[in-house]
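Trainee: I have just opened this one and would like a friendly tour. Could we go through it together, one question at a time?

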Amino acid sequence: MGAVLASVFEFLFKYRPVVFERGELVFTAGPTTYAVVALGLLLALPAFVGTARLRAGATRRDRVVLLTLRALALLVLAGCLFRPALLLSAAAPQRNVLAVLVDDSRSMRIADADGRPRAEVVQRLLDPAGPLVRQLGDRFTLRTFAFSQEAARAPDVNALAFDGSRSRVEAALRSVRQQLAGVPLAGIVLVTDGADNAPAAPAGALVGAAGEVPVYTVGVGGARFARDIEVARIDVPAHALRGGTIAADVTLTQSGLAGEQAQLIVEDEGRVVASQSVALPRDGEVRPIRVPIPATEAGVRRITVRVVPRTDEQLVENNAREALVGVRDRRERILYVEGEPRFEFKFLRRAVAGDEQLQVVGLQRTAEDKFLRLGVDDSTQLRAGFPTTREELFAYRAVILGSIEASYFTAEQLRLLADFVSERGGGLLALGGRRSFREGGWAGTPVGEVLPLLLDEGQPSGEDTDGPPTFLAELHVMPTPAGLGHAVTQVAATPEASAERWKTLPALTTVNRVRGLKPGAVTLLAAGSGDEETPVLAYQRYGRGVAMALPVQDTWLWQMHADIAVDDQTHERFWRQLLRWLVSDVPDRETVLTSAERLGAGEPVTLRADVRDSAFHGVRGATVVAHVTTPSGAVRDVPLTATGEADGDYRALFMPAEDGEHLVRVTADAGGEQTSATAAFVRSSDGAEEYFEAGLRAPFLQRLADETGGRYYTPATASALPRDVVYTRSGNTVLERKELWDMPVVLLVLVGLLGAEWGYRRARGLV
C-alpha cells in the first residue's frame with residue numbers, strides 16, 4: 001500500500017493497516033449493554049412502523065429503501081454500543097531486541113538510486129542520529145549486523161565497507177538467530193537489494209532460516225538499469241579434445257539497448273581467440289549465441305566471454321563471465337562395426353585418419369563369419385569378433401554400427417550395446433544402409449530402444465536384405481534450427497559460412513525408412529520441409545550417454561562428387577566434428593566433480609569422485625585421495641570417504657586458502673589397481689558475481705516478508721517501520737486493545753446513512 005493510501009486509511013480507520021492485519025476482533029460490552037441494545041431496538045420499532053405509514057403516493061420500493069437505510073443506521077449504532085475492539089500482541093517496551101541486518105556486499109555500491117549508490121541510501125536511512133533509528137531505539141534494543149555470506153556484528157552502519165563478494169540471505173538469517181538465540185528477538189529488519197546469489201535452496205529454506213521471527217524487508221535500488229548489457233550465461237562442454245572446436249552458448253541480456261550492436265570477444269587464458277559483432281536481443285528475449293572457440297592447448301582452460309563496454313552503460317562489471325573447460329590430449333578409441341565392404345566405411349575412416357585425437361578401430365565383415373580388423377593396437381584386439389564382455393566393449397568411447405543386421409549379434413551383445421550407452425555413458429552412432437534400422441531388424445531390440453528414431457517392424461533380418469533402402473532422387477541436406485549452431489554441423493570457419501556451405505553440398509540419394517523422432521530427440525540435419533521432412537542426423541540422451549542416428553549411406557558424395565574440389569575439407573570436417581562431439585562427454589572410469597567452479601572468500605567446496613572398475617560397476621572400499629594443487633604450486637592431499645549413497649561415490653569438503661585456480665587430481669586405489677582423474681575450480685574474492693542480476697528483487701523480498709509475518713518497505717515508506725514492527729508475536733509481548741467504535745469512518749457512515757434517507761425522501765416528495 002502506498003504512503004498516501006496508508007495515510008487515508010489511518011485517517012478513516014484510526015489505525016494503520018498492520019493493526020487490522022494482526023489484530024483479533026472482539027466485543028468488550030457487558031450483559032447490561034446487550035440489554036440496553038435490546039430495549040433500544042424495541043423503542044425504535046415505531047420508527048419502522050412509521051416508515052410503513054408514508055403518505056399517499058409512496059411505493060413499495062420507497063418503503064424498502066427507507067427501511068433498509070434506517071435498519072443499517074441502527075445496526076451501526078448497535079455495533080458501537082457493543083464496543084468492538086482489536087486485541088493484538090505488541091512488543092513490551094525496552095524488553096526486546098530488534099536485529100537490523102544490512103547487506104554489505106558489492107552490489108550495494110551500484111549507483112542506481114536516483115544517481116546515488118545504494119550504500120549511501122542505506123547509510124542515510126540507518127544513520128544512528130536519524131529519525132528511523134531513534135524511533136526504533138525508543139522501543140527496542142537494537143543490534144546491527146552486516147552480512148555478505150554470514151552475519152557479523154557491526155557497531156555502526158557508516159563504518160561498513162560494502163565489499164562482500166557474495167550475498168547469502170538464508171545463511172545471514174540463520175546466523176543472526178544463532179547469535180541472538182538467548183535473547184527475546186522481536187524481529188529482523190533486512191536492508192538489501194535482494195540480489196541473493198546463493199545456490200538454489202529448497203522451498204521454504206528461507207522461512208526456516210527465520211524460524212518464528214518476522215522479517216521486515218527494506219528493498220534498496222532499482223529493479224531495472226537504464227542502459228546495460230549483461231553476459232547472463234555461458235554454457236560450454238565440460239570436456240573437449242585438443243585440436244577441435246569448443247561450442248560455447250552465450251546468453252546476453254540488455255536494458256535500454258534492444259537491437260543495437262555489441263562487440264563480443266572470447267579469450268582463452270587472456271588470449272583473444274574469437275571476436276564478432278552481435279545484435280542485442282529484445283527486452284525479455286533469451287537467445288543464446290553460438291560462439292566457436294578453438295581448443296588449441298590441452299589442460300583446464302579458462303574461457304572468458306566479454307562484451308566491450310559502452311560509454312553510456314550504467315554497470316560494466318557484468319560485461320564478462322568465465323567458464324572452465326577441460327581440453328584432453330589423448331586418442332579416443334571408437335569401434336566401427338561394418339557388415340559389408342562399402343564406400344561409407346572407407347571414406348569415413350579416411351576422413352578421420354589425420355586426426356591424432358581419434359582412433360577408429362574397424363571390424364568389417366568380408367564374408368560369412370569373416371571380419372577384417374583395421375586400426376587395432378595389437379594382434380589380440382577383436383580377435384574373436386565383436387566384444388562379448390563389458391570390460392572389452394567398455395574400453396571404447398563410442399561404437400559405430402554400419403550396415404549390419406541385428407541378428408548378427410547375440411541377445412547378450414545387444415544388451416551390452418544398450419548398457420554401453422546407458423551405464424558406461426558411451427556414444428552410439430547408427431549409420432544408414434541396406435541392413436540398418438528397419439531393414440536390419442533393429443526394431444524391438446535393446447539397441448532400437450536406445451536410438452532416437454522410431455522404427456517400424458520391418459522384414460525379418462537376414463531375409464531379402466539385398467534390396468536397397470528407400471531411394472530419393474534428390475536428398476538436399478540442411479541444418480535444422482537446432483542444428484544451425486551445433487558443433488557437429490559447423491563445416492566452415494563461421495556459423496554464417498557454414499550455413500551457406502550446406503546449401504551448396506551435393507544431394508545424397510539414399511535414406512532408410514523411419515517413422516519419426518522419439519520424444520526428446522533432437523534433429524540436427526534434415527531433408528525436405530514440414531510434414532515431408534526426413535531426419536538425416538538426430539540424437540538423444542539415454543542414461544549417462546548419447547545415441548545418434550544418421551540414416552543415410554552415401555555422405556562420401558560430399559568428398560567424391562564431381563562438384564567437390566580436390567582440396568575441399570567439408571567431408572573431413574563433418575566427420576571429425578561428429579565423432580569428436582560423440583566422445584566429448586564420455587566419462588572415464590573415474591570422474592571428479594566440484595560443487596562450484598567459482599567460490600567466494602571463506603566458502604568450502606565439495607570434492608566428489610565417482611570410481612568404477614573396468615566393467616563400470618561402482619567400486620567399494622577404494623582408497624581415494626584428492627591432490628589439490630593450489631595457485632602457489634603447493635599440493636594438499638584430501639582423503640575422500642564413501643558416502644554410502646551409491647557404490648563408487650566418494651566425497652570430501654575442502655576449504656581453499658588461496659585465491660585463484662585450483663587443480664584437483666583424484667587417485668583411487670582398489671585392490672592394487674589405480675585410476676586417476678582431474679578437475680578444477682576457482683576461488684575468487686573479487687565479488688564479480690554480485691554484479692549479475694543485480695537489480696532490486698522486490699518480489700523476493702515481498703515474499704520473504706509475507707511468509708515470515710513481516711512487511712516489505714522501500715526507503716520512501718520505511719518511516720512506517722517503527723509503528724509496524726511493534727505488533728509482533730515474537731519476543732516479550734503484551735496484549736493491547738484498540739477501540740474501534742470511535743473510528744471516524746463510523747461517524748461518516750452514520751451521517752451518510754441518515755443523509756441518504758433524508759435525500760431520498762426529499763427526492764421522492766415524501767418529506
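Mentor: Gladly, and keep in mind that this is a predicted model.

Trainee: What span should helix α19 have at 1.5 Å a residue, and how far apart are its end C-alpha atoms?

Mentor: Helix α19 covers residues 744-764, which makes 21 residues.

Trainee: Which residues of α19 are buried, and on which side do they sit?

Mentor: The buried ones are V745, V746, L750, L753, E757, Y760 and R761. Around the axis they cover an arc of only 150°, so they share the same side of α19. On the other side, the exposed residues are L747, V751, W758, R762 and A763.

Trainee: How does helix α8 arrange its buried residues?

Mentor: In α8, residues 169-179, the buried positions are V169, A172, L173, S175 and V176. Their arc around the axis is only 165°, which means that they lie on the same side of α8.

Trainee: Now for a pair of helices. How are α10 and α16 oriented to each other?

Mentor: Two packed helices are described by the distance between their axes and the angle between them. For α10 (residues 343-352) and α16 (residues 570-584), the axes come within 8 Å and cross at roughly 80°. An angle of 65 to 115 degrees counts as roughly perpendicular. So α10 and α16 are roughly perpendicular to each other.

Trainee: Which residues make that contact, and how do they divide by type?

Mentor: From α10 come E344, F347, L348, A351 and V352, and from α16 come H571, E572, W575, R576 and L579. By type, the contact of α10 with α16 divides into six nonpolar, one polar and three charged residues.

Trainee: Is α16 itself largely enclosed or open?

Mentor: α16 has 15 residues and reaches 21 Å from first to last C-alpha, close to the 21 Å expected. Of those 15 residues, 13 are buried, so the rest of the structure leaves α16 largely enclosed.

Trainee: What is the phi of F437, and is F437 buried or exposed?

Mentor: F437 sits in the loop between β20 and α13. Its phi is positive, near 50°, although the residue is not glycine. Its relative accessibility is 2%, and under 20% counts as buried, so F437 is buried.

Trainee: And F616, is it buried or exposed?

Mentor: F616 belongs to the loop between β31 and β32, and its phi is positive too, about 60°. With 3% relative accessibility, F616 counts as buried.

Trainee: What about T623, buried or exposed?

Mentor: T623 is in strand β32. Leaving aside neighbours within four places in sequence, T623 is in contact with T667, A668 and D669. Its relative accessibility is 52%, so T623 counts as exposed.

Conventions. Residues numbered from 1 in each chain as written. Predicted model: local features only at pLDDT ≥ 70, side-chain atom pairs only at ≥ 80, totals over all residues. Heavy atoms only, no water. Helix = DSSP H or I, 4+ residues; strand = E, 2+ residues; numbered from the N terminus. Expected span 1.5 Å × (residues − 1). Buried < 20%, exposed > 50% of the residue type's maximum accessible area, 1.4 Å probe, protein only. Arc of directions from axis to C-beta. Axes fitted to C-alpha atoms, helices over the stretch in contact; angles between N-to-C directions. Parallel < 35°, antiparallel > 145°, perpendicular 65-115°, else oblique. Contact = heavy atoms within 4.5 Å. Nonpolar A, V, L, I, M, F, W, Y, C, P; charged D, E, K, R; others polar.
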